[in-house]
Amino acid sequence: MYDYEGYQITQIINRSSVNINVDAELQGIELEGLWTPADNWLLTANLGLLNAEVIDTYGIDVLDRTNGRADMVALKNSSSYSNCVISAQGYATVLGAIQANPALTGATLQLCTGAFGTSFYDAVNGTTGGSGSAATDRAFTEAALGLGGVTVTYTDSNGDTQTATALQAIEGDAKNLDGNSMPGAPEMTLNLAAEYTFQSLGNSDWDMTIRGDYYMQSDSYSRIWNTPRDELESWSNVNLSILFNNEQSGWGVEVFAKNLTDEEVITGTYLTDDSSGLFTNAFLTEPALYGVTVKKSW
């Protein structure tokens, strides 16, 4: 068992790459076997079992900033490309104010930056730049819109419970990731191989070895949030090779086929953030590859 503190995971937040430190607990076992049932045979097997879990970690998922809560709304600020979350009641009230006064159209763009409160304060009081305090401007706006005393509680990235007012922008409601699987850590991997050598072909100095490899790994996840979107299906791979080798002359020729069955599976993904549309980069297995290698040693 190994406790890993400060494991760094990269996440895109508001179009910037951010390293998140998480703690993890890893335990596993690897078994390897080799058998030669006859002089010309070689059979190998490798089995890996792994349990890698996140511990004592909270994080805001850009795929679900509100954590599925109906009392919060995620907003996209197209002017600064920074997303935020505010209370659903506060947002609905602002939309109602816009409907009653079309001159306020577009005001929601200022909610993430906090400028909405300042603009509202100036519009009511005929000032410029607000009261000089963003918190005071927001409190004035909330009171004027009948939102005084309206709050929402949420969990920050440190796992602490916080309280936000109706129009206070926050990054989101963090999820408890304790017990989630580490990304790219399948619970089982299996590798089987068999090879047979035909020695002294035609009484020559050439040997021929035929080898087949089979690899399989179980399901895993691409992100520590372990959502259905993060699931990576199990996959397998078959390789085949025929090696002609002449130790006396130092020449060797190998004919190979990798990914013989031409399996196309997603082995990993990289999710961008919600400000850029949550598009995903997918990493695939290489297509079937056939070739010949020639080597010469001295």
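**Entry 1. Model.** I worked from a predicted model.

**Entry 2. Salt bridges overall.** I searched the whole structure for salt bridges and found 10.

**Entry 3. Aspartate 61 and lysine 175.** I recorded a salt bridge between aspartate 61 and lysine 175, with 3.6 Å between the closest N and O atoms. I noted that this pair links distant parts of the chain, the two residues being 114 residues apart. Aspartate 61 lies in the loop between strand S4 (58–59) and S5, whereas lysine 175 belongs to strand S9 (residues 175–176). I checked burial for the two partners and found aspartate 61 and lysine 175 both buried.

**Entry 4. Aspartate 274 and arginine 65.** I found a salt bridge joining the side chains of aspartate 274 and arginine 65, at 2.5 Å from N to O.

**Entry 5. Arginine 229 and aspartate 230.** I recorded a salt bridge between arginine 229 and aspartate 230, whose closest N and O atoms are 3.1 Å apart. Arginine 229 is partly exposed, because its relative accessible area is 28%. Aspartate 230 is buried, with a relative accessible area of 0%. I then followed the shared partners: salt bridges join Asp61, Asp64, Lys175, Arg223, Arg229 and Asp230 into one network.

**Entry 6. Strands S5 and S6.** I looked up the pairing of strand S5 (residues 72–77) with S6 and found that the two run antiparallel, joined by 6 bridges. For valine 73, I noted isoleucine 86 in S6 as the bridge partner. How many residues of strand S6 (residues 82–87) are buried? I found 5 of the 6 buried, so strand S6 is largely enclosed by the rest of the structure.

**Entry 7. Surface charge.** I looked up a patch of negative charge on the surface and found that Glu187, Asp219, Glu231 and Glu233 gather there. Of these residues, I also located glutamate 231, which is found in strand S13 (residues 231–232).

Definitions and conventions. Residues numbered from 1 in each chain as written. Predicted model: local features only at pLDDT ≥ 70, side-chain atom pairs only at ≥ 80, totals over all residues. Heavy atoms only, no water. Patch = residues over 30% accessible without salt bridge, like charges linked within 9 Å, V, L, I, M, F, W, Y side chains within 5 Å. Areas by Shrake-Rupley, 256 points an atom, 1.4 Å probe, with all protein chains shown as cover. Salt bridge = Lys/Arg side-chain N within 4 Å of Asp/Glu carboxyl O. Lys, Arg positive; Asp, Glu negative; His and termini not counted. Charge placed at Lys NZ, Arg CZ, Asp CG, Glu CD. Helix = DSSP H or I, 4+ residues; strand = E, 2+ residues; numbered from the N terminus. Buried < 20%, exposed > 50% of the residue type's maximum accessible area, 1.4 Å probe, protein only. Pairing = 2+ DSSP bridges.
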